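Morning, everyone. I have a few minutes on one model, so please look at it with me.

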Amino acid sequence: MKKRILSGMRPTGKLHLGHLVGAIDNWIKLQDEYDCYYMIADWHALMSEYASPENIKENIFECAVDWLSCGLDPERSSIFIQSDVSQHLDLYMALSCLTPLSWLERCPTYKEQLREVTTRDLTTYAFLGYPVLQAADILLYKANVVPVGVDQSSHLELTREIVRRFHHIYKKEIFPEPETLLTHAPKLLGLDSRKMSKSYDNFIALSETDEDIVSKVKQMITDPARIQKTDPGHPDICNVFSYYKVFASKEVHELEEKCKAGEIGCMQCKKHLAEIIIERLRPIRQKREKLIKDKKFVMDVLGKGKQKAQDTAKQTMKEVRELIGFLG
Ligand code: TRP
Ligand code: SF4
């Protein structure tokens, strides 16, 4: 029997290069070896977007299209929408009952978001419980492995603590303790060298046109010490160089030498990077353009994913209800 994977993403907008190299590329590889469930976490999106949810519907569709365009394979993976499987909320409630408030209050992501997010009011009851719903997402499918970025580690740690407490209280071990599988791809910074984020508008979307890719790459900040092409560069502090490491690993060494020796200008270096990114995104964009017009196919994929997810989820909830001692 293959081990099982669950991972998810909040549908908060267009997918970008950061999602591709930080998550989806990895998800695609894992499809060979694992039984994969990939979930569009719309309830989690609502936790921050509740006051203006008008884009969520479109974002869910776009997210599914992006995943499929990149190469997630609905024949091998279950691709589904969180809110299509109501058992997430059942298990979330069961876990909420036994999760100490202090575990949630001291969660680093919670504290950080409250401090940093100023455009939304996140001092809500649900937002505090964000990691409990995430634990329910994972446990509902008895996932063995959860591939995530390092920013999600504390949520996985909390999930394992919740599992142990559940087993201790109900005296039966029904869940595996899920393992965190960290994505090893080096983190891509945004075009302005800050964290790549929708709110900073500093990303290259998977759906970007060639012209926009060229102009966005042109804006990237390079080594400030280089005024003329012959000035020796410092690739290790250059964001363009870090993109080469991710997208053109074969060329990295040569570029490093040339940059240090002042043999290549930043304009030329960026022009070539734009070409590399355009080539990388071309097949994805072609598939995307087809899928965006084939709503039926995408909805069918989500429908099939929902069926399979529900089958597994129902089975788990049945066991949970029995353990708790609910009637039926
Ligand atoms: N919290 C995750 C994020 O923001 C998304 C998510 C929701 C998730 N449920 C999950 C990830 C379950 C892994 C497993 O990226
Ligand atoms: Fe960066 Fe390329 Fe310029 Fe070197 S040549 S500083 S790697 S943009």
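First, the ground rules. This is a predicted model, in which local features need pLDDT of at least 70 and side-chain atom pairs count only at pLDDT 80 or more, while totals for chains, interfaces and linings use all residues. Residues are numbered from 1 along each chain as its sequence is written, chains are lettered from A and ligands numbered from 1 in the order in which they are written, and side-chain values use heavy atoms, with hydrogens and water left out.

Helices here are DSSP runs of H or I with at least four residues, numbered from the N terminus. Axes are lines fitted to C-alpha atoms, for helices over the stretch in contact, and angles run from 0 to 180 degrees between N-to-C directions.

Start with helix H3, residues 56-70. H3 packs on helix H13, residues 266-293, at an angle of about 135°, with the axes 8 Å apart. H3 and H13 are therefore oblique to each other; under 35 degrees would count as roughly parallel, over 145 as roughly antiparallel, and 65 to 115 as roughly perpendicular, with the rest oblique. H3 passes H13 in a right-handed crossing, meaning that the near helix is turned clockwise from the far one by less than a right angle, anticlockwise being left-handed. On the H3 side the contact (heavy atoms within 4.5 Å) includes Phe 61, Val 65 and Leu 68, and on the H13 side Ile 284, Leu 291 and Ile 292 are among the residues. By class there are seven nonpolar, one polar and four charged residues. Ala, Val, Leu, Ile, Met, Phe, Trp, Tyr, Cys and Pro count as nonpolar, Asp, Glu, Lys and Arg as charged, and the others, Gly among them, as polar.

H3 also meets helix H14, residues 295-324, where the axes come within 10 Å and cross at roughly 90°. H3 and H14 are therefore roughly perpendicular to each other. Phe 61, Ala 64, Val 65 and Leu 68 of H3 make this contact, with residues of H14 including Phe 297 and Met 299. The contact of H3 with H14 divides into nine nonpolar, no polar and one charged.

Back to H13, which also contacts helix H1, residues 17-30: the axes come within 12 Å and cross at roughly 65°. The crossing of H1 and H13 is left-handed. Leu 17, Leu 20 and Asp 25 in H1 meet Ile 277, Arg 280, Leu 281 and Ile 284 in H13.

On a 1 Å grid over the protein atoms alone, a cavity is a set of points where a 1.4 Å probe fits but cannot get out, and a pocket is an open set with protein on both sides within 12 Å along at least five of seven lines; lining residues have an atom within 4 Å of a point. Grid points are joined across faces, edges and corners, and a volume is the space filled by probe spheres set on the points.

How many cavities of 30 Å³ or more does a search of the whole structure find? One. The largest cavity holds about 110 Å³, and its lining includes Asp 223, Arg 226, Cys 259 and Lys 270. H13 gives the largest share of that lining, three residues.

Last, the second largest pocket, at about 310 Å³. Of its 16 lining residues, Tyr 92, Ser 96, Tyr 125, Ala 126 and Gly 129 lie nearest its centre. That lining has 13 nonpolar, three polar and no charged residues.

Note on methods:
Helices (H or I, at least four residues) and strands (E, at least two) are DSSP runs, numbered from the N terminus.
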